[in-house]
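Subject: Structure handover

Hi there,

Here is the structure I promised to pass on to you. Please have a look at it first, and then read my notes below.

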Amino acid sequence: MKLIASLLLGVLFTGCANVNQIDRGQLAKKFMQLDPHPQESVFRNEVHSFRESAIGGNSAVGGGCGCN
Amino acid sequence: MDVTKNRIKFLLLSLTSFFTLIQNTLAEMMEKGKTKVTSVFNFYHQNSNNGGQVIDNSGREEDHVVEPMIFIEHQITEDTAVTGQITFDAWTAASDSKLDSNTGASGESIKTQARIAANLGARQEKGKWSYGANFGFSTEYDYQSINGAINVSRSFAQDNFTLGFGLQYYMDELSAFRDISNPQAAKIETGLQRKILASSITASQILSPIDIIQFDFTFARSSGFLESTANTVNIGGVRAVEQLPDSRSRYALSTKYVRALSDISAINLSYRYYFDQWNVDSHTTRLAYLLELNDNEDFIETFVRHSYQSQVRYFADQFDTAQTFMTSDSDMNRFNSYETGIYLNHNYDDQKLFGVELENFSWNHGFVYYMRTNGLRNGYYQTSVSFEF
């Protein structure tokens, strides 16, 4: 929780200057995506939601007899 | 309960403050008429000898899964795309086969199971707004589901900030043994209802030309029959089916941060905090390092992940007397889990297949290994092919 709060404060104090479209070349690269393997993540999230009690914060929230 | 309320208040307050300050990019649409196809094959194996829920006291939780998936997206107009997903699973699970062989009246053998699931949806962009909806079903031996989802997002500040909201609803029907006091005469009960409503708020912000951050808050409430088909408990040496409450509210707050270390490398760091009505707390951290290998944008990703979860309130390895709620499911125990893996993304020049030009052709491979401190280990290999035409 402290980490979350720190990140929130970090964002708050560093400010959020707009980045122009033309300056987003690095961010547009495949390896820079928030989820660089979105289709593979579907199965990975299923495994986590079945083998761990915690769900949410990803796309797998329901379905499957292993997910109470 | 007060502690739970205070946590919710803190999360909501944090999010409210955050959303007023920060501002992501909408998912890119393809050219009109284009179709993107991705197929993923998943090969999964797990093993453990510590599953207290297994009916024959062996603890074996061996499981093999083969799961092919196909994702299709077709751009019907400049701002509208339709999406589809088909998943097929086949698996053998030791806990299923032991349940089958220890309950004489279960009917047909369930030693090998299969599931088929499909999903159809649409996505549209109107100016700074993006809307999506999908509808799906899933069916297998002891579980059927109909589900739907809607989501909406809006970009702000020249697409530097995106705020999204999603809603998912599952109507599930399960089959399970409710009474195994006379195992050989036990009959599986059908038509058990489970409903899940999940909502999420997601916000992402471009911080600079080299980093981006995302926050997500998810609330999910499950109600109805929440026990698992094959789970039992040991009460003074006698096996009985697990008993769980008929509702569970779950909360998760997660954040992800991606930062370029150089023109060809980056870190992808994520953290998630989770808690629920059954007294589970969980902290999950994942760190990935990504390295671009050439001008073709091939890249490699290596990652490590750690998760800690506390034990479900109703969990015990075994019980002296019957309780209103009781489970020995190893997934609900307290444990630390460690995971590591590597992914390789390889992009090819445009290909031609049966006279059709295939663009953005890529072939990915992934190996993941996972272990928990309560004995379970799993590993899987994923391979996917993706192209547009």
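Chain B has a secondary structure of 19 strands and two helices. Please keep in mind that this is a predicted model. Of the 389 residues in chain B, 35% count as buried.

On confidence, the complex comes with an ipTM of 0.86 and a pTM of 0.86 from the predictor. For chain B the mean pLDDT is 87, with 88% of its residues at 70 or more. One stretch to treat with care is residues 10–26 of chain B, where the pLDDT is below 50. That stretch still has 42 contacts in the model beyond near neighbours in sequence. Where pLDDT is low, the predicted coordinates should not be read in detail.

Next, the strand pairing. β8(B) and β9(B) run antiparallel and are joined by 14 bridges. The two strands form a hairpin, with two residues between them. Within this pairing, B:Arg194 stands opposite B:Gly224 of β9(B). β9(B) is also joined to β12(B), again antiparallel, by 13 bridges. Here B:Phe219 has B:Tyr251 in β12(B) as its bridge partner.

While we are on β12, B:Ser247 is a residue of that strand in chain B. B:Ser247 counts as partly exposed because it has 13 C-beta neighbours inside 10 Å. Not counting residues up to four places away in sequence, it touches B:Arg221, B:Ser222 and B:Ser223. B:Phe325 is 78 residues away from B:Ser247 along the chain, and their C-alpha atoms are separated by 12 Å.

Which residues touch the most other members of the largest nonpolar core? In this core of 29 residues, they are A:Ala54, B:Ala252, B:Tyr274, B:Val280, B:Val312 and B:Tyr314. At least two core residues come from each of β7, β8, β9, β12 and β13 of chain B. β7(B) gives the most, with four residues. In soluble globular proteins, nonpolar side chains tend to be buried together.

A:Ala54 is worth a look in your viewer. Leaving aside neighbours within four places in sequence, A:Ala54 is in contact with B:Ala252, B:Tyr274, B:Val280, B:Ser282 and B:Gln309. There is also a second, separate core of 14 residues, and among them are A:Val19, B:Ala260, B:Ala266 and B:Leu290.

B:Gln158 is not a glycine, yet its phi is positive, at about 55 degrees. B:Gln158 sits in the loop between β6 (143–156) and β7 (161–177) of chain B.

B:Asn360 is another residue other than glycine with a positive phi, near 45 degrees. B:Asn360 lies in a strand, β18 (residues 356–372) of chain B. With 15 C-beta neighbours inside 10 Å, B:Asn360 counts as partly exposed.

Happy to talk any of this through when you have had a look.

Best wishes

Methods
Residues are numbered from 1 along each chain as its sequence is written. Chains are lettered from A and ligands numbered from 1 in the order in which they are written. This is a predicted model: local features need pLDDT of at least 70, side-chain atom pairs count only at pLDDT 80 or more; totals for chains, interfaces and linings use all residues. A residue is buried if 20 or more other C-beta atoms lie within 10 Å of its own, exposed if 12 or fewer, and partly exposed in between; C-beta atoms are placed from the backbone. A nonpolar core is a set of buried Ala, Val, Leu, Ile, Met, Phe, Trp, Tyr and Cys residues joined through C-beta atoms within 7 Å. Two residues are in contact if their C-beta atoms, placed from the backbone, lie within 7 Å. Two strands pair if DSSP finds at least two bridges between them. pLDDT is the predictor's confidence in each residue, from 0 to 100.
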